Amino acid sequence: MNQYAGSARADRGNAVVCDLRSDTVTQPCAAMRKTMADAEVGDDVYGEDPVVNRLEATLAERLGKEAGLFVPSGTMSNFLGMLAHCQRGEEILIGEGYHVNAYEAQGASVLGGIALSTLPVAEDGALEADVVAGAVKDDDSHLAITKLLSLENTHNGMAVSLERTAAAVNAGREHGLSTHLDGARFFNAITSLNCAETDLSGMFDTVSICLSKGLGAPVGSVLVGPKDLINRARRWRKMVGGGMRQAGVLAAAGLYALDNNVAGLAEDRARAAQLAQELAALGAGTVTQSTNMVFFTPDGSQNDDLRAHLAGQGVVIGGGAQGAIRLVLHKDVDDEALRKTVDGFQSFFA
Ligand SMILES: *Cc1c(COP(=O)(O)O)cnc(C)c1O
């Protein structure tokens, strides 16, 4: 069962007080909407939208890169990054469970003629340096050309350490690979690692960041990197139909999020830790937590009954009929919502 499984809105009996399926469910707040409405806009395909330009420049500068590219989604951002790095017949080394391999419909292969070579992901979410090195193919006409190493941080909520990330990246670089980071939750990682943004971004040629998850913007991701790669990605964006016009109304939400919603990621993490503690105290299953995510595996495959019970209290969770249920904390879950959620779990297992 994948992480996107979960009840549809129509299935819910009660008003929703807490939706823990994902941080993608976050709503733009009133102040964000006002900023969007007030945004000065222009035609971004002509390069004339001032707010899009500011968002791209802001994230590029924060992450120590030359340029940025605003796109509708993280999937497109990763996709354009791969197309910018790789030619047809080249290959990407990627963790098997990483989003780019597992949840992006193999777009790089299907549409880009790029092979994905999957590597096992270690328990902490990293790729092992020796596994990376061992996966680089020889220069042999029988084989694809290994070109890019693509990592992910956070992975399943886990903030992979700078040391482990550097080891994998260095192994790739020693073999001449370029590097990409799927940083959909880059700022959750930074918050947890307690490091500077450039400490992580500086290891990679390109980084993709989602604005529409914990940061709370309704739409948008940004790909940052060197000018030549971002120019290539911009041409690919046009080809796949992602050139947007007066997109400043959307970029304004992203800028608002960067200014106002990064600090709150520490609160999401603290609430995740609190929820994990409460669930562990129930003694009703196994619990793990990292950054804003809790994974709870109830004893005895009670997932469907638990989900129905919680839905009756306005608490929405995802997950399948068995196995781990992913619970994601985000800015729209406050202490009151968390308390009702804990009450719901307690009354089920009482
Ligand atoms: C959500 C996510 C993406 C893709 O973002 P979308 O905006 O949903 O396309 C990519 N990578 C990771 C790790 C994600 O969690």
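The legends below describe close-up views of a predicted model. Local features are given only where pLDDT is at least 70, side-chain atom pairs count only at pLDDT 80 or more, and totals for chains, interfaces and linings use all residues. Residues are numbered from 1 along each chain as its sequence is written, and side-chain values use heavy atoms, with hydrogens and water left out.

**View 1. The shell around the ligand.**
The ligand is surrounded by S73, G74, T75, N78, H99, E104, E152, D182, A184, R185, C210 and K213; a residue is near the ligand if one of its heavy atoms lies within 4 Å of it. By class, this shell holds two nonpolar, five polar and five charged residues. Here Ala, Val, Leu, Ile, Met, Phe, Trp, Tyr, Cys and Pro count as nonpolar, Asp, Glu, Lys and Arg as charged, and the others, Gly among them, as polar. Helix α3 (residues 74-85) gives the most to the shell, with three residues. Helices (H or I, at least four residues) and strands (E, at least two) are DSSP runs, numbered from the N terminus.

An N or O atom in the side chain of T75 is 2.6 Å from an oxygen atom of the ligand. A polar side-chain atom of K213 lies 2.6 Å from an oxygen atom of the ligand, and one of D182 lies 2.6 Å from a nitrogen atom of the ligand. On its own the ligand has 380 Å² of accessible area, of which the protein covers 86%. Accessible areas come from the Shrake-Rupley method with a 1.4 Å probe; for residues, only the protein chains shown count as cover.

R271 is placed in helix α12 (residues 265-282). With 12% relative accessibility, R271 counts as buried; buried means under 20% relative accessible area, exposed over 50%, and partly exposed in between (1.4 Å probe, protein chains only). The side chains of R271 and D335 are joined by a polar contact of 2.8 Å. A polar contact is a pair of N or O atoms within 3.5 Å; within protein, one must be able to donate a hydrogen and the other to accept it, and residues adjacent in sequence count only if both atoms are side-chain atoms. Not counting residues up to four places away in sequence, R271 touches L329, V333, D334, D335 and L338, where contact means heavy atoms within 4.5 Å.

**View 2. G214 in its loop.**
G214 is found in the loop between β7 (206-210) and β8 (221-225). The residue G214 is buried, with a relative accessible area of 5%. Apart from neighbours within four places in sequence, G214 is in contact with D23 and L265. The C-alpha atoms of G214 and H330 are 5.6 Å apart, although the two residues are 116 apart in sequence.

A search of the whole structure finds 18 salt bridges, a salt bridge being a side-chain nitrogen of Lys or Arg within 4 Å of a carboxyl oxygen of Asp or Glu. In the bridge between K137 and E91, the closest N and O atoms are 2.6 Å apart. K137 lies in the loop between α6 (129-135) and β5 (145-152) and E91 in strand β3 (residues 90-95), so the pair ties together parts that are 46 residues apart in sequence. K137 is partly exposed at 31% relative accessibility, whereas E91 is buried at 3%. R164 forms a salt bridge with E128, with 2.9 Å between the closest N and O atoms. This pair links distant parts of the chain, 36 residues apart: R164 is in helix α7 (residues 162-174) and E128 in the loop between β4 (115-119) and α6. R164 is partly exposed at 28%, and E128 is partly exposed at 30%.

The side chains of K331 and D332 meet in a salt bridge of 2.7 Å, N to O. K331 is partly exposed, with a relative accessible area of 29%, and D332 is partly exposed at 32%. E336, R339, K340 and D343 are linked in a network of salt bridges.

Most residues other than glycine have a negative phi, and most peptide bonds are trans. N153 and T154 are joined by a cis peptide bond, with omega about 5°. T154 is found in the loop between β5 and α7, and N156 is placed in the loop between β5 and α7. N156 is not a glycine but has a positive phi of about 50°; at 39% relative accessibility, N156 counts as partly exposed. Q106, in the loop between α4 (99-102) and α5 (107-112), has a positive phi near 55°. Q106 is partly exposed, with a relative accessible area of 29%.
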